[in-house]
Amino acid sequence: MISNDKKQEVLSRISEIENFIISRGDGPIAIGALCSRIAAESAELAKSSDSLTPVLRTSLVINWRESAMISRYKRFIREFPKISTLLALKRAMDSTRPLDFCKTYLNINANSSAADKNPKYCLLRELTNGFLEYQKLFGLSSEIEAIRHWSASVNLADLKNDLIGKRHGVGPAVVENIRLNLGDRVVKSDRNVIGVMKKFLQVDISLDSYNEIARLIGKDLRYLDCILFKYGQAKNISAKNARVACF
């Protein structure tokens, strides 16, 4: 529990975070305003029946900046509107050489001799095949139902025994990114997020207790995660021992 005196200090520091101005491609914006927008988008994602987005965006963001992922994701959606499901994506991957798939569909100039080992391509294939198998195994009516069913039950501490978690390339960061793209209200185990909580807010609590801070500021966990991440990224504040989760 956080003392009343500490709560006032935390509120003051969070206000400082929310009013901090960062630069984006469309101009400067306060972190609070940006994250309110992102939290609203997250609420829409929670109602979406789109099964492709959480898998494709998560695969494309690995070892890339968010901006690079977004441009390639938007290109894919624009140029391949008929590939809107995991089953359609699997058919495209199964019928296309890895090198050609990387170049044509993902706009990635992969190494010609090792395209089948490209991390983004490999993760995309693992997740696509994994969720289609998961859907069949549990007899679920749709792909998105399978992904949400898995997201609600996966245990980050025991991924080696999870049907998706045990697949090559799937770790905590991948799980958390899928959850974020499903609109789940979660906080990533990200070094910027944890760093800001510990070093700037000076609150040392487990991730499971971050909802106390969210309630304190009257926002949901998605908003809290966003402002901590954006501020930590902007000010280069991180916790060395935190796991890195790409967004």
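Visitor: Which backbone oxygen does the side chain of threonine 96 reach?

Guide: The side chain of threonine 96 reaches the backbone oxygen of alanine 92, at 2.7 Å. This counts as a polar contact, that is, a pair of N or O atoms within 3.5 Å; within protein, one must be able to donate a hydrogen and the other to accept it, and residues adjacent in sequence count only if both atoms are side-chain atoms. The model is predicted, so local features need pLDDT of at least 70 and side-chain atom pairs count only at pLDDT 80 or more, while totals for chains, interfaces and linings use all residues. Residues are numbered from 1 along each chain as its sequence is written, and side-chain values use heavy atoms, with hydrogens and water left out.

Visitor: How confident is the predictor in the protein chain, by mean pLDDT?

Guide: The mean pLDDT of the protein chain is 92, and 97% of its residues reach 70 or more. The pLDDT is the predictor's confidence in each residue, from 0 to 100.

Visitor: And where does pLDDT stay under 50?

Guide: That is the case over residues 243-247, for which the model has 25 contacts beyond four places in sequence. Contact here means heavy atoms within 4.5 Å.

Visitor: Back to threonine 96: where is its place?

Guide: Threonine 96 is placed in the loop between helix H5 (86-94) and helix H6 (98-104). Helices (H or I, at least four residues) and strands (E, at least two) are DSSP runs, numbered from the N terminus.

Visitor: Is threonine 96 buried or exposed?

Guide: With a relative accessible area of 17%, threonine 96 is buried. Buried means under 20% relative accessible area, exposed over 50%, and partly exposed in between (1.4 Å probe, protein chains only). Not counting residues up to four places away in sequence, threonine 96 touches Phe101 and Tyr105.

Visitor: What about serine 51: which side chain does its own side chain meet in a polar contact?

Guide: The partner is the side chain of glutamate 143, at 2.6 Å. Serine 51 sits in the loop between H2 and H3 and counts as buried at 4% relative accessibility. Leaving out residues up to four places away in sequence, serine 51 touches several residues, among them Ser84, Leu86 and Ile147.

Visitor: Where is aspartate 162 found?

Guide: Aspartate 162 is in the loop between helix H8 (143-153) and helix H9 (172-181). At 12% relative accessibility, aspartate 162 counts as buried. Its side chain makes a polar contact with the side chain of tryptophan 150 at 2.7 Å, and the side chain of aspartate 162 also reaches the backbone nitrogen of glycine 165 at 2.7 Å.

Visitor: How many of the 10 residues of H9 are buried?

Guide: Nine of them are, so H9 is largely enclosed by the rest of the structure. The buried residues of H9 include Val174, Glu176, Arg179 and Leu180. Their cover includes helix H2 (31-45), helix H3 (52-61), helix H7 (119-138), H8 and H12.

Visitor: What covers the buried residues of H10?

Guide: The cover includes helix H1 (4-19), helix H11 (210-217) and helix H12 (221-235). H10 itself spans residues 191-200 and is mostly covered, with seven of its 10 residues buried. At the start of H10, a side-chain oxygen of aspartate 190 comes to within 2.7 Å of the backbone nitrogen of asparagine 192.

Visitor: At what angle do H11 and H12 pack?

Guide: The angle is about 95 degrees, with the axes 9 Å apart. H11 and H12 are therefore roughly perpendicular to each other. The residues of this contact divide into eight nonpolar, one polar and no charged. Axes are lines fitted to C-alpha atoms, for helices over the stretch in contact, and angles run from 0 to 180 degrees between N-to-C directions. Angles under 35 degrees count as roughly parallel, over 145 as roughly antiparallel, 65 to 115 as roughly perpendicular and the rest as oblique. Ala, Val, Leu, Ile, Met, Phe, Trp, Tyr, Cys and Pro count as nonpolar, Asp, Glu, Lys and Arg as charged, and the others, Gly among them, as polar.

Visitor: What phi does glutamine 202 have?

Guide: Glutamine 202 has a positive phi of about 60 degrees although it is not a glycine. Most residues other than glycine have a negative phi. Glutamine 202 lies in the loop between H10 and H11 and counts as partly exposed at 44% relative accessibility.
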